[in-house]
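Thanks for making time this morning. I'll show the structure, then go through it piece by piece.

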Amino acid sequence: MLLDGLFAGGTYALMAAGMALILGVVKVINLSHGAFFTLGAYVAYALAGRGVQTPLAAAALAAVIAFAFGVFLGKSFVNPVRTHPFALPVGTLACALLFEAAAQRIWGPHPLSIEAGAPWIGPGGLVIRRWGVIAFLSSAALLGGLRWVLSARPGLPLRLIAEDEEIAGSLGMNVEAIRYLTFGGACAMAAAAGALLSPSGAVTPTMGRAPLLLSLVVVIVAGMDSVAAIFLLSIGLGIFGNACAWLLSPQWSYVAMLAAVCLLLSARPAGIVALAGRRD
Amino acid sequence: MTVRTGTFPRLRLRLLLIGFLHFFPPVFLAVPAFAASAQDALKIGVLAPLSGPYAAGGTSFVQAATLAVEQANAEGGVFGQRVTMVAADTQGRVDVAKSEALRLVSREKVSALVGAYLSEETVGVMEVAAAHRIVMIVPVAATAEITDKVRREYARYRYVFRVGYSLPQWAELIGAFLSDRKVRRYAFVGAGIRWNRELGEMLARIVAPRGIAPSYTAYYSPGNPAFDTVAVAAAAVSPDIVVLADPGRNSVSFLKRLREAAPGLPVLSIGGALGDARLAASIPLSAPVYVQAAAWRGVSPAATAYVEKYEHRYGAPPVGYSDTLPYEAVTVLVAAWRTAGSAASSAVVPVLEHGGFPGVAGTYRFDAAHQAHWGTGPGALRGTFVRWERDGSRIVFPPR
């Protein structure tokens, strides 16, 4: 049960990190993030139908497709509209609904399924889900890579734009291009998460809604400054939700999780790892 | 970034476009165009969730009703008039279902209503049917409240008939199956929606005299299903079978979790979700997966013909519940219109009360509470239990 929380939480962290990247660099709330998660799952389903059952191959292909879509959306819609505070959440929500309707049209509203494979049996009869291990390790590796990029020289433009766009622009950086490329990269992360988690349940047009909400919660609580905090908080929430379901009731786990989040926010309104007084 | 004045008209145009896409895609992409064309056509208003969490069941609901309408027209229509159908999206919400029912009755001028999907929606729509004295056939909503209202306030609700099984009947059908499988202890797990809770309690009461008892009961929130703990807990009590009551996509996820925790534990799926043949190829079949349906291919020539027609039209066979019962509802309604020689409620209600109407699951007759006779007794509609196997399905109950 704890392992399940660990596996699912680790993969949702990938989506949450993408959301944080968009919030930090592009400075918008992307409500179409869940649609890219769904896109990843459908790519995995389409590949499985053609005999390619490897989640890693599905995640890679889904990431490429989502990156292309994300760049298009970022360039054509997000960048021009991003200064209007209400237009963008509504617009990205419209994109998500449009995608759901299109997915329903193409694949139908009925649930689809990808074979998850038999679980591994560990010491003492411990059941370890194959897809869970693959998804967790892939997610951890991708997040590790993201953390390295953000802390090393290649991530310098992203950090600078997150801090001050005008200074970044005055240094000759193409701020607009970096914004839409970041948007595309974040969408690719959501799609990879969807492809990695797709064998765990059913693939449906609306499957991205719950992960969207969860990733928003994680970003709000963990803040946008630390990939490690996002990763650990996602895992923590996954385990906490399972523990509440076990100890209280399955129906109370969600309520308990949101109550814990509210308590955390009342204690640290800027997020648990936000550095007070960092910006003047 | 600052927006220059010159870019503003373009921006406003984009925002208008976004607003349009926000509100209209579900309408022009998701709702099939079943609007009436002929002025003299008899209209049936069909209420089902075509968007939201129950869109899968709602879509097959409308598809099956469409098939029944086409069948009626292929047979020459009803007293020389074509039958048409107007589908309304309830979104799985009571308020939307009621307002859509009102629209169908007052603006579309439908002659009868078929629906809705969830029990809550259906109870709401009943009020519209009663207020406008219009015949309403309930296909899948199972709560006892529907027929209780007809029994208690006959004069007001006499227009409402249910072709689907009520909760006590459903529990009786499941109880008979559990007895046949020699089950002594079962786990009842499902989405935390109204009819599941009522069915869980009803089933425990009905099977108790047979020496069958629930060893574990749990309901998860459809929005955040905590499958892992429920699956582990259900497996831990070692029941003979798990009764999985979930009409939505979560049943697939739960089955996968359960099979990882207990690969040899049989599962009985009720509510239709696992009756989808497209899923059967990828769900784990290390132990029996049973599905309960109103009718199935091979039960009768009429059922086989219906399944083949549905599969030919929509590319996949029906799940046997959320599609078969709406088909039956429209078929029964059309037969009653033909017998009455009129679509007027005053003429149709007595015909429905006293007649017998052949469908794919058997012959429908309604009792004093306007409930079709499902059960295990003589003359009752018995339903079907099938078992999924890698190469297809096999009917296992009732014995044939």
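B:Arg394 sits in strand 14 of chain B. Before I go on, please keep in mind that this is a predicted model.

What does B:Arg394 touch, once neighbours within four places in sequence are set aside? The contacts are B:Val386, B:Arg387 and B:Glu389. One of these, B:Arg387, is the residue that stands opposite B:Arg394 across the strand pair. As for distances, B:Ser286 lies 108 residues away from B:Arg394 in sequence, and their C-alpha atoms are 16 Å apart.

Now the strands around that arginine. Strand 13 of chain B covers residues 384–389, and five bridges join it to strand 14 in an antiparallel arrangement.

On the strand 14 side, the residue opposite B:Arg387 is B:Arg394.

Stepping back to the whole sheet: which order do the strands take? In chain B the order is 7-6-8-9-10-13-14, an open sheet of seven strands with mixed pairing. Strand 7, residues 213–220, and strand 14, residues 392–397, are the edge strands of chain B, each pairing on one side only. From one strand to the next, the twist averages 25 degrees.

Chain B has another strand pair to show. Strand 1, residues 42–48, runs parallel to strand 2 of chain B, with seven bridges between them. Within that pair, B:Ala48 is opposite B:Asp89 of strand 2 of chain B. Strand 2 of chain B spans residues 83–89, and five of its seven residues are buried, so the strand is largely enclosed by the rest of the structure.

Next, a helix in chain B. Helix 3 runs over residues 55–74; its 20 residues reach 28 Å from first C-alpha to last, close to the 28 Å expected at 1.5 Å a residue. Why call this helix largely enclosed by the rest of the structure? Because 16 of the 20 residues of helix 3 of chain B are buried. Just past the end of helix 3 of chain B, B:Gly76 has a positive phi of about 105 degrees.

One more arginine in chain B takes us across to the other chain. B:Arg278 belongs to helix 12, residues 277–280 of chain B. With 15 C-beta neighbours inside 10 Å, B:Arg278 is classed as partly exposed. Apart from neighbours within four places in sequence, B:Arg278 contacts A:His110 and A:Leu112 in chain A, plus B:Ala316. B:Tyr314 is 36 residues from B:Arg278 in sequence and 12 Å away, C-alpha to C-alpha.

On to chain A. Its secondary structure comes to eleven helices and four strands. The radius of gyration of chain A is 19 Å, close to the 19 Å that the globule rule gives for 280 residues, so chain A is as compact as a globular protein of that length. Its C-alpha atoms fill a box of roughly 60 × 45 × 35 Å along the principal axes. Buried residues account for 52% of the 280 residues in chain A. Of its contacts between residues at least 6 apart in sequence, 79% join residues at least 24 apart.

Helix 4 of chain A, residues 87–107, has 21 residues and reaches 30 Å end to end by C-alpha, close to the 30 Å expected at 1.5 Å a residue. Its buried residues include A:Leu88, A:Cys95, A:Phe99 and A:Glu100. Just after helix 4 of chain A, A:Gly108 takes a positive phi of about 90 degrees.

In soluble globular proteins, nonpolar side chains tend to be buried together. The largest nonpolar core here has 238 residues, and A:Ala191, A:Ala192 and B:Met136 touch the most other members. Helix 1 of chain A, residues 2–26, supplies the largest share of this core, 14 residues. Beyond residues up to four places away in sequence, A:Ala192 touches several residues, among them A:Leu14, A:Gly40 and A:Leu142.

Conventions: Residues are numbered from 1 along each chain as its sequence is written. Chains are lettered from A and ligands numbered from 1 in the order in which they are written. This is a predicted model: local features need pLDDT of at least 70, side-chain atom pairs count only at pLDDT 80 or more; totals for chains, interfaces and linings use all residues. Two strands pair if DSSP finds at least two bridges between them. Helices (H or I, at least four residues) and strands (E, at least two) are DSSP runs, numbered from the N terminus. Axes are lines fitted to C-alpha atoms, for helices over the stretch in contact, and angles run from 0 to 180 degrees between N-to-C directions. The expected span of a helix is 1.5 Å times one less than its number of residues. A residue is buried if 20 or more other C-beta atoms lie within 10 Å of its own, exposed if 12 or fewer, and partly exposed in between; C-beta atoms are placed from the backbone. The radius of gyration is taken over C-alpha atoms; the globule rule is 2.2 Å times the number of residues to the power 0.38. Two residues are in contact if their C-beta atoms, placed from the backbone, lie within 7 Å. A nonpolar core is a set of buried Ala, Val, Leu, Ile, Met, Phe, Trp, Tyr and Cys residues joined through C-beta atoms within 7 Å.
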